[in-house]
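Colleague: I would like to go through this chain with you, from single residues up to the whole fold. Please show it first.

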Amino acid sequence: MKVIKTKDYADMSRKAANIISAQIILKPDSVLGLATGSTPVGTYEELTKRYNQGDLDFSKILSVNLDEYRGLDASNDQSYHYFMNEHLFKNVNIDKANTHVPDGSEPDSDKACADYEEIIRSYGGIDLQLLGLGHNGHIGFNEPSDEFAKTTHCVDLTESTIQANKRFFEKEEDVPRQAYTMGIGTIMKAKAILVVVSGEDKSAILNEVINGPITPKVPASVLQLHPNVTIVADEAALSKTTL
Ligand code: GLP
């Protein structure tokens, strides 16, 4: 794992955007795995800035997002699909037909998940996967568990994730209890992985991810086994990590 320490959130966002920009410049038809959550918002702003400066062309980019709440469709402003439109897709020249998020409006979870795996397979896999980190070590919505999930699947969100994500919803009851997420196996097949982490509140879990045992109880710890992982984290997030 390569760990890049940044001064603060803004610095983290710029450096993460630089890495994604290099990917897009070197391979304009890259398959990008994208993430939601508050951490990558600054990265998407930086990518938009570079696009507006004429430095990036998204016209041939293909994208697959990590996860989506089950029961929310793209028009719901709490869906991850809506988030991606707002924070990136509508701001750059990506072809919307080439952007994919698991279909939260598909009630048949087996179908939603199998269809999604097929999209990723048909694209030849993911070139660069962007990840945020949950407070309990989750990546996508792969919650702490007794085993690593291989492929895209339906998950029951843990209480801590529901609590963490309720800030985006009007009422706690509105937070969906289930989600479709790429599996750990799907994520680990990406050719390269970029993890963005910010803030003191992530410092204990980030230390476990980097230095702790590899265990499905801390899903992101599996990244220690991936040959090409870059973690871009700010000083506060790395304050409990010995590098
Ligand atoms: C959500 C998402 C994750 C994200 C995590 C952390 O639960 N499913 O993909 O990484 O939250 O979010 P944040 O960046 O807001 O801390």
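Colleague: Where is Gly132 found?

Modeller: This is a predicted model, in which local features need pLDDT of at least 70 and side-chain atom pairs count only at pLDDT 80 or more, while totals for chains, interfaces and linings use all residues. Residues are numbered from 1 along each chain as its sequence is written, and side-chain values use heavy atoms, with hydrogens and water left out. Helices (H or I, at least four residues) and strands (E, at least two) are DSSP runs, numbered from the N terminus. On that numbering, Gly132 lies in the loop between β6 and β7.

Colleague: Is Gly132 buried or exposed, and which residues is Gly132 in contact with beyond its neighbours within four places in sequence?

Modeller: Buried means under 20% relative accessible area, exposed over 50%, and partly exposed in between, with a 1.4 Å probe and protein chains only. Gly132 has 14% relative accessibility and therefore counts as buried. Taking contact as heavy atoms within 4.5 Å, and leaving aside neighbours within four places in sequence, the partners of Gly132 are Ala35, His138, Ile139 and Val196.

Colleague: How far apart in space are Gly132 and Pro40, C-alpha to C-alpha?

Modeller: In sequence, Gly132 and Pro40 are separated by 92 residues. In space, their C-alpha to C-alpha distance is 7.0 Å.

Colleague: In what order do the seven strands of the open sheet run, and which are the edge strands?

Modeller: Two strands pair if DSSP finds at least two bridges between them. The seven strands follow the order β1-β10-β9-β6-β2-β3-β5, and their pairing is parallel. Pairing on one side only, the edge strands are β1 (2-6) and β5 (99-100).

Colleague: Which residue in β9 is the bridge partner of Gln129?

Modeller: Strand β6 (residues 128-131) pairs with strand β9 (residues 192-197) in the parallel sense, over four bridges. For Gln129, the bridge partner in β9 is Ile193.

Colleague: Which residues form the covered face of strand β7, and which residue in β8 is the bridge partner of Val155?

Modeller: In strand β7 (residues 153-156), Cys154 and Asp156 form the uncovered face, whereas His153 and Val155 form the covered one. Strand β8 (residues 178-181) runs antiparallel to β7, and four bridges join the two. Within β8, the bridge partner of Val155 is Ala179.

Colleague: Which residues does Ser109 touch, not counting those up to four places away in sequence?

Modeller: Ser109 has its place in helix α4 (residues 109-122) and counts as buried because its relative accessibility is 18%. With residues up to four places away in sequence not counted, Ser109 touches Arg70, Cys154 and Tyr180.

Colleague: Which residues does Thr161 touch on the same terms?

Modeller: Thr161 sits in helix α5 (residues 159-165), where a relative accessibility of 2% makes Thr161 count as buried. Not counting residues up to four places away in sequence, Thr161 touches Asn136, His138, Phe141 and Glu143.

Colleague: What radius of gyration does the chain have?

Modeller: The radius is taken over C-alpha atoms, and the globule rule is 2.2 Å times the number of residues to the power 0.38. With 243 residues, a compact globule would have a value near 18 Å, and the chain agrees with this at 17 Å.

Colleague: What share of the 243 residues is buried?

Modeller: The chain has seven helices and 10 strands, and its C-alpha trace spans about 45 × 45 × 35 Å along the principal axes. Of the 243 residues, the buried share is 54%.
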